[in-house]
Amino acid sequence: MKIARSPTAVRMLQNGLAAQIRSPGDRPQSQLYTSSSAVTAATTTTMTAQLNGNYQLQKPNWDRAVSEAEKVVGYPSSFMSLRWLFSDEIANVALHLRRMVNSNHPLLKTVKGLLHNGQNTMQAWGLIVLLVSKAAGHMNVNRSADEDKSGVLRSQRALAEIAEMIRTSHLMHNGLINIYPEMFSEPIDQNDMSYGNKIGLLSGDYLLANSFNELSMLKNQNLMELISSALRDLSEAEFLGRRDSQNNPLPSPFEPLDRKHDSTRLQFNPFQSSSKQLQSDMPLTPALHDWTKRNVLSTGSLLGKSCQGALLLAGHGEQLQKQGFLFGKHLSLAWQAYLDLEPFLSDSVYSLGMSFSLTSAPVMFHLEHDSSLFKEIDKGVNSIQDVDYVKVHNVVIKGPGINYTKQLQKEHSEKAMEILKVFEENDARTALSNIIIAMDRE
């Protein structure tokens, strides 16, 4: 895939803009490309033990796990989501963003998250797709025409970039705010927000249009339909449940329940028929159903269908394609549970008083235990900023929601690890295993 890169845009995005929008209290950027040895036979042995349930052996460091994974696929894909931002057409966007530094538009936070590579941003979706591609190998493909030296098909590499572009465009569109009359007392504030909306809308549209243009160049109708359905799911996720005036999600009311007397089991994919392999030890409660559906639509669908599409391009059958989808879905849900836990852990860099998702798993699980917390959350019907986050945090951290979320994260990690067994043992499978284990909160 040929992409024109503007030196101005590269310097702006990697140096100037990233430095300007970083808050004084932010941690230094993680060193992504740390020196490390190749994946060794000892790592493979460790993975085998981990697949059998022993997750405490030689737990890999996150930066090392990502660095080793990138060596396996021969590409620094964790930064892949910005490649199209290096083009001449969008170089001016970087200049406009630079002018917005003094404003409080949410788009700046989105761009900052894309530029900061770390365990909590977890933007390496393309890396997961490439690792699945290499772990599975390919069949009935003209190697001389579509394979590079890493063993990954060029079409699979293009799909990995497409998946990251769709995800990035979705995040940029989510950075828009709803402006209404008398929202700002000063005209200059309203002008800044309106200007930020225009930049976010145009940037997201540009990336989305380019991603589907590249998708069409792969000339695979089944793949086009698959990725289009993932985009549909992303859109549907924005209309689930209650929302404040800025479309931020709020938990929908439900009655507290006694988990001990609820024997229903969760089917992890609410859109497919049940399967014994997909059963969970956690009961299917309203909170768990709501959380699962939201995150399957908003994250699991795109990653799962991108992994499925990579196996489609490699000529694999429907059964293995389905396993690719399930792996991407379970990994994304384990990923989301991992992120949901961050504000409530003792060693977290989260600052008390900062906002967090009110539909995160710990909050949702606590609401089933203690519905009186809805009284505070309902204050956010007009704006979630009206909610006392310190109070919600103090209540949730003393309840059972933290442990239920840890269990949820562990179950999805175990499901993803189990699916890895369908692939032959190789460096790519080892790298995927290490990434999963690096997310373990224990």
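This note goes through the helix packing and the nonpolar cores of a predicted model.

1. **Overall make-up.** The model is predicted, not experimental. The protein chain holds 17 helices and four strands. It has 442 residues, and buried residues make up 53% of them. Take the contacts between residues at least 6 apart in sequence: 78% of these join residues at least 24 apart.

2. **How helix pairs are described here.** Two packed helices are described by the angle between their axes and the distance between the axes.

3. **α6 against α12.** Helix α6 covers residues 125–136, and helix α12 covers residues 318–341. Their axes lie 12 Å apart, at an angle of about 145°. The crossing of α6 past α12 is right-handed. On the α6 side, the contact uses W125, I128, V132 and A136. On the α12 side, L320, F327, L331 and W335 meet them. What classes do the residues of this contact fall into? Eight are nonpolar, with no polar and no charged residues.

4. **L331, a residue of α12.** L331 sits in helix α12. Is L331 buried or exposed? L331 counts as buried because its relative accessibility is 1%, and the cut-off for buried is under 20%. Beyond its neighbours within four places in sequence, L331 contacts I128, A416, I436 and M439. I128 is one of the α6 residues in the helix contact above. L331 and I435 are 104 residues apart along the chain, yet their C-alpha atoms are separated by 9.6 Å.

5. **The largest nonpolar core.** In soluble globular proteins, nonpolar side chains tend to be buried together. Here the largest nonpolar core has 53 residues. Which members touch the most other members? They are L127, I128, L131, V132, I166, F327 and L432. Helix α6 gives the most to this core, with nine residues.

6. Residues up to four places away in sequence are not counted here. L432 then touches I128, L131, V132, A135, F327 and L420. Of these, I128 and V132 also belong to the α6 side of the α6–α12 contact, and F327 to the α12 side.

7. **A separate core.** Another core, of 30 residues, lies apart from the largest one. Its members include M282, L358, A361 and I402.

8. **α9 against α10.** Helix α9 runs over residues 187–217, and helix α10 over residues 221–237. Their axes come within 10 Å and cross at roughly 160°. That angle is over 145 degrees, so α9 and α10 are roughly antiparallel to each other. The crossing is right-handed. L208, F212, L215 and S216 of α9 meet L223, M224, I227, S228 and L231 of α10. By class, this contact has seven nonpolar residues, two polar and no charged.

9. **α8 against α10.** Helix α8 spans residues 154–174. The axes of α8 and α10 come within 11 Å and cross at roughly 20°. This makes α8 roughly parallel to α10, because the angle is under 35 degrees. The crossing of α8 and α10 is right-handed. From α8, the contact takes L159, I166 and H170; from α10, it takes L223, I227, L231 and L234. The residues divide into six nonpolar, one polar and no charged.

10. **Residues that link these points.** L223, I227 and L231 of α10 meet α9, and L223, I227 and L231 also take part in the contact with α8. I166 of α8 is in that contact, and I166 is also among the core members that touch the most others.

Note on methods
Residues are numbered from 1 along each chain as its sequence is written. This is a predicted model: local features need pLDDT of at least 70, side-chain atom pairs count only at pLDDT 80 or more; totals for chains, interfaces and linings use all residues. Side-chain values use heavy atoms; hydrogens and water are left out. Axes are lines fitted to C-alpha atoms, for helices over the stretch in contact, and angles run from 0 to 180 degrees between N-to-C directions. Helices (H or I, at least four residues) and strands (E, at least two) are DSSP runs, numbered from the N terminus. A crossing is left-handed if the near helix is turned anticlockwise from the far one by less than a right angle, and right-handed if clockwise. Contact means heavy atoms within 4.5 Å. Ala, Val, Leu, Ile, Met, Phe, Trp, Tyr, Cys and Pro count as nonpolar, Asp, Glu, Lys and Arg as charged, and the others, Gly among them, as polar. A nonpolar core is a set of buried Ala, Val, Leu, Ile, Met, Phe, Trp, Tyr and Cys residues joined through side-chain atoms within 4.5 Å. Buried means under 20% relative accessible area, exposed over 50%, partly exposed in between (1.4 Å probe, protein chains only). Angles under 35 degrees count as roughly parallel, over 145 as roughly antiparallel, 65 to 115 as roughly perpendicular and the rest as oblique.
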